[in-house]
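Subject: Structure handover

Hello,

Here is the structure I promised to pass on. My notes follow below it.

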Amino acid sequence: MNIQKQILSKSNLASYRIDICESNCKVSADHWNGVLKGQNIYLDLNYLNALEKSLPNYDFRYLLFFDTNNSVVGLCYFQLLHFTDNDINFEALSEKMRGMLPSSFKKWISTRLLICGNAFATGENGFLFSDKISKDDSIFLINNAIKKIVDQESTSNRPISISLIKEFWPYNFSMSKEFTSCKYHEVNIDVNMVLNLDSSWHSFEDYLMALNSKFRTKYKQVFKKSKELEIIDFDNNTVEDRLSEIDKLYHNMVNKSSFTFGRLNAKTFKELYNELRDSFYFKGYLIDNKLIGFATATVQNNTLDGNYIGIDDQFNKEYSVYQRILYDFIAFAIDNNLSNVNLGRTAEEIKSGVGALPVEMKFYAKHNNYFKNSILKPFLNLLKPSKFNLRRPFKADQLRKRA
């Protein structure tokens, strides 16, 4: 009986209509926002418009799902990009894979990727469905949508080699695992470092008092080194004046990554500021009027989500720029009564030193060629989250509260 119900469910879902738009301006805002309802800033049409305007070499797909009553029940967002060896730091990636980077991998470097989600933000930012659609049924609809896009691109002689679905928080692992039944491979990526703010912290001083003496001293050292920095909130004029500097700092950081699915530019940050305003955190760090660092983040669902940081390595150690940025994230979140600070991946040990804890995340990948998909699995199995020493900066009573 249960099997029969499942078959009937999939049969009904297969009759759902999928409308695909290739441009933000062609999407029905009423339909899109009727599903979105402000739940995810990374699916907000203003945010997506900023990406589309500033990244002319990328392709985007905006999908709406309609049931048999012609009611909108879901949306999906995709990015299409060309992945090349310029997006990979082979030395760093080989180290992450314990020196076992297959030589055959280089043959696959130049490939077209389809990403359900956002190459530029962590988390589940690729789809959203109404309560009418169960989580299991959403898997079926997303997989159908990917098949439709892959078929369309193949017909247009723009074949997609690899499809990615990124990336899931632990509370959705039981749901996301169902993608493996659609021949996707599950991949464990580097953890996201997350600081949960204590409700008793009403000021940054309260946070400092929760730290043990060793890490309070560490903060004092950072503050002493960074006090000469001029810290500004970027606006339209200051961003325009500093575009080339922001671009250089951004690429300086991205080039250190083992691999990146895509690259933004300074214009993107300007467009995001224009579209999001108060929901976009954008600070610059200057010394003698020279920009030596910047930080961006978005505010949504009571969380400050750290996005991109750019730093001039020549000045970082002397002025503790990176760690000052992390403390400023925390201060901003407390001052604005937020509950969490997502500090993202990389530099896990340093981020744990300000109190962030690792949260496991997964994404799913499939090569659209059956044979190559079977070869892809052992390669992806070599990708493991980076190891690091987890620091414990809080006092014993705080650690008990967080256990």
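Is glutamate 349 buried, partly exposed or exposed? Glutamate 349 is partly exposed, because its relative accessibility is 27%. The cut-offs are under 20% relative accessible area for buried and over 50% for exposed, with partly exposed in between (1.4 Å probe, protein chains only).

Before the rest, the ground rules. This is a predicted model, in which local features need pLDDT of at least 70 and side-chain atom pairs count only at pLDDT 80 or more, while totals for chains, interfaces and linings use all residues. Residues are numbered from 1 along each chain as its sequence is written, and side-chain values use heavy atoms, with hydrogens and water left out.

Overall picture

The protein has 16 helices and 13 strands. These are DSSP runs numbered from the N terminus (helices: H or I, at least four residues; strands: E, at least two). Of its 403 residues, 52% count as buried. The accessible surface is about 19,300 Å², and carbon and sulfur atoms hold 47% of that. Areas come from the Shrake-Rupley method with a 1.4 Å probe; for residues, only the protein chains shown count as cover. Take the contacts (heavy atoms within 4.5 Å) between residues at least 6 apart in sequence: 76% of them join residues at least 24 apart.

Salt bridges

The structure holds 17 salt bridges. The criterion is a side-chain nitrogen of Lys or Arg within 4 Å of a carboxyl oxygen of Asp or Glu.

Glutamate 349 pairs with arginine 391 in one of them, with the closest N and O atoms 3.3 Å apart. Glutamate 349 sits in helix 14 (residues 348–352) and arginine 391 in the loop between helix 15 and helix 16 (396–402), so the pair ties together parts 42 residues apart in sequence. Arginine 391 is also partly exposed, at 30% relative accessible area.

Glutamate 186 has two partners. Lysine 362 meets it in a salt bridge at 3.4 Å, N to O. Lysine 362 lies in strand 13 (residues 357–367) and glutamate 186 in strand 7, so this pair ties together parts 176 residues apart in sequence. Lysine 177 forms the other bridge to glutamate 186, at 3.8 Å between the closest N and O atoms. Lysine 362 is buried at 9%. Glutamate 186 is partly exposed at 24%, and lysine 177 is partly exposed at 45%.

There is also a network of salt bridges. It links Glu22, Asp59, Arg61, Arg112, Glu153 and Arg158.

Asparagine 373

This residue lies in helix 15 (residues 370–382). Asparagine 373 counts as buried, because its relative accessibility is 8%. Leaving out residues up to four places away in sequence, asparagine 373 touches Lys183, His185, Ala365, Lys366 and His367. Serine 161 is 212 residues from asparagine 373 in sequence, yet their C-alpha atoms are 9.7 Å apart.

Second largest pocket

Its volume is about 830 Å³. Of its 33 lining residues, Gln39, Asn40, Glu124, Leu128 and Tyr171 are the closest to its centre. Strand 5 (127–129) is among the elements that each supply at least two lining residues. Strand 5 gives the largest share, three residues.

A pocket here is an open set of points on a 1 Å grid over the protein atoms alone, where a 1.4 Å probe fits, with protein on both sides within 12 Å along at least five of seven lines; lining residues have an atom within 4 Å of a point. The volume is the space filled by probe spheres set on the points, which are joined across faces, edges and corners.

Best wishes
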